[in-house]
Amino acid sequence: MSASHSVASGSPVRVRFAPSPTGYLHVGGARTALFNWLFARKLGGKFLLRIEDTDKARSTDESTAAIFEGLTWLGLEWDEEVVYQGGNLERHRRDANAMLERGLAYRCFCTPAELDERRKSAERAKTAFKYDRRCDRLDKDDVVRRMAAGEPSVVRFRVADGATAWHDLVHETISFPNKDIEDFVILRSDGTPIYNMAVVSDDIAMGITHVMRGDDHISNTPKQILLYQALGASLPVFAHFPMIHGLDGKKLSKRHGATAVADYQHLGILPEAMNNFLALMGWSPGGDLEVMTRDDMIERFSTDHLLRKASVFDTKKLEWMNGQHLSRLTGDALVAAMTPSFIAAGLFADAAAVQAVHDWFATVLEDCKERARTTDQLVELARPFFPGQPLVIDAAAAAKHWADPAQAMEWLQAVRAHLAALTDWTDASIEADLKALATELGVGASPLFQATRIAVTGRGVGISITKTIFRLGRDVSLANIDSALTHLAGQSAA
């Protein structure tokens with residue numbers, strides 16, 4: 001049985017992301033949502049969201065909220081009202097019963113215990129277990145009698161001979177021999193649908209034209225194709241994306257670190273960078289292009305460039321990508337992107353406080369952004385420029401650059417004297433003056449600058465120390481150097 005008949009090529013594109021609300025929004029799910037969203041936006045179609053909440057024991061409102069929040073943070077807005085699969089049970093049953101009435105499915109009265117015993121018997125015989133269709137041989141009167149007696153039964157789909165094949169947008173032709181697919185259950189004994197039944201019923205009702213998902217669903221596809229055909233519906237076009245692996249080559253999981261989209265949101269990653277990074281997990285825009293805006297991705301997205309090979313999730317590459325996106329932001333866009341992080345860090349009370357010093361804040365961010373790969377790093381680089389920040393000496397940096405406390409004190413006293421006397425308070429003048437001082441002291445500019453950095457900011461890393469001193473101003477810079485000298489004097493005394 002071939003699956004060559006599919007949705008008409010001229011049909012408006014309708015795709016869906018259909019997560020189960022049983023946990024967080026995993027990066028693999030986010031990648032699936034992104035590809036569907038890009039495909040819909042590229043072709044002027046609709047991107048739909050369906051919450052597959054039929055597993056009532058494991059589905060939670062918290063997980064549903066996390067899915068919404070993750071998609072909203074990524075900017076993957078859906079185009080119609082959210083569909084909740086659990087609200088469609090009557091249609092699922094109706095579709096299953098239609099197949100039963102047309103003789104495409106049958107009632108099975110085999111109990112779980114009986115099936116388990118046959119499965120164990122097959123294992124002892126070292127043969128593969130497959131349902132033997134014994135209930136398909138029951139006569140109608142027997143079925144009616146057992147139903148009237150209230151005997152529990154499931155509904156099984158009768159799999160025809162032949163093969164089920166389809167053209168996959170990623171893997172090209174995929175074919176399954178039907179002899180390897182047992183007559184599978186579509187309705188449980190309590191009348192609730194099995195996953196494949198609910199999915200097909202919903203996709204038909206939602207007018208889904210393309211089913212694009214992870215390739216862990218490939219084994220479900222032949223069963224779903226058989227159900228589409230049994231219900232007389234056109235097939236969607238299928239695409240199965242490769243898995244995402246960790247650096248060890250194994251499927252991405254919690255052992256590799258953060259796997260929830262929300263984790264990266266709180267680790268200083270911009271949504272634009274996350275989308276860009278995820279887009280390259282299974283798709284190539286062509287050439288050496290890597291850093292892209294959402295508009296770039298929409299313009300370039302094509303199923304012709306979907307990759308078959310599993311992708312590797314490299315957090316260092318993600319941070320690099322994030323740094324690239326940070327460096328591209330400027331002015332109001334940079335302020336808007338960074339405002340939540342600075343409020344969360346306690347450096348601003350609210351957005352109104354940001355606006356009150358907007359231009360100053362924009363300048364500080366512009367100075368600091370080139371050294372940052374995450375928004376968290378940018379917050380820390382900018383922190384010393386905020387009024388009232390205490391000087392906290394980083395012990396490791398001090399041990400490295402103030403290894404000789406007496407010499408460090410000598411250098412810093414000279415730096416202080418030069419800065420106090422400097423009349424032209426500009427970045428260029430500060431740099432020229434301190435370089436001249438290094439020559440006068442007979443030391444390299446780099447050791448002097450590093451010693452000064454710790455004295456002025458307490459840290460071993462940051463933006464240009466001369467620009468830092470200029471931005472902090474003379475009074476704060478001198479006060480911090482005085483604190484550092486007091487600290488060093490205490491060390492020398494000890």
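1. A crossing of two helices is called left-handed if the near helix is turned anticlockwise from the far one by less than a right angle, and right-handed if it is turned clockwise. In this structure, helix 12 passes helix 15 in a right-handed crossing. Helices here are DSSP runs of H or I with at least four residues, and strands are runs of E with at least two, numbered from the N terminus.

2. Please keep in mind that this is a predicted model, in which local features need pLDDT of at least 70 and side-chain atom pairs count only at pLDDT 80 or more, while totals for chains, interfaces and linings use all residues. Residues are numbered from 1 along each chain as its sequence is written, and side-chain values use heavy atoms, with hydrogens and water left out.

3. Helix 12 (residues 331–344) and helix 15 (residues 375–382) pack with their axes 10 Å apart and at an angle of about 70 degrees, where axes are lines fitted to C-alpha atoms, for helices over the stretch in contact, and angles run from 0 to 180 degrees between N-to-C directions. Helix 12 and helix 15 are therefore roughly perpendicular to each other; angles under 35 degrees count as roughly parallel, over 145 as roughly antiparallel, 65 to 115 as roughly perpendicular, and the rest as oblique.

4. Which residues of helix 12 and helix 15 meet? Met-338, Ser-341 and Phe-342 in helix 12 meet Thr-375, Leu-378, Val-379 and Ala-382 in helix 15, contact being heavy atoms within 4.5 Å. The residues of this contact divide into five nonpolar, two polar and no charged, where Ala, Val, Leu, Ile, Met, Phe, Trp, Tyr, Cys and Pro count as nonpolar, Asp, Glu, Lys and Arg as charged, and the others, Gly among them, as polar.

5. The axes of helix 18 (residues 427–441) and helix 20 (residues 465–472) come within 8 Å and cross at roughly 125 degrees, which makes helix 18 oblique to helix 20. Their crossing is right-handed, and the contact is made by Asp-427, Ile-430, Glu-431 and Leu-434 of helix 18 with Thr-466, Lys-467, Ile-469 and Phe-470 of helix 20. By class, the residues of this contact are four nonpolar, one polar and three charged.

6. Grid points are joined across faces, edges and corners, and a volume is the space filled by probe spheres set on the points.

7. The largest pocket has a volume of about 1,100 Å³. Its lining has 39 residues, of which Ala-18, Pro-19, Ser-20, Asp-216 and His-217 lie nearest its centre. Strand 1 (14–17), helix 1 (27–42) and strand 9 (210–214) are the elements that give two or more residues to this lining, and helix 1 gives the most, with four residues. The lining divides into 15 nonpolar, 14 polar and ten charged residues.

8. The structure holds one cavity of 30 Å³ or more, and about 60 Å³ of space lies in the largest cavity. Among the residues that line the largest cavity are Glu-380, Leu-381, Arg-453 and Thr-457. Helix 15 and helix 19 (445–457) each supply at least two residues of this lining, which has five nonpolar, three polar and three charged residues.

Conventions. On a 1 Å grid over the protein atoms alone, a cavity is a set of points where a 1.4 Å probe fits but cannot get out, and a pocket is an open set with protein on both sides within 12 Å along at least five of seven lines; lining residues have an atom within 4 Å of a point.
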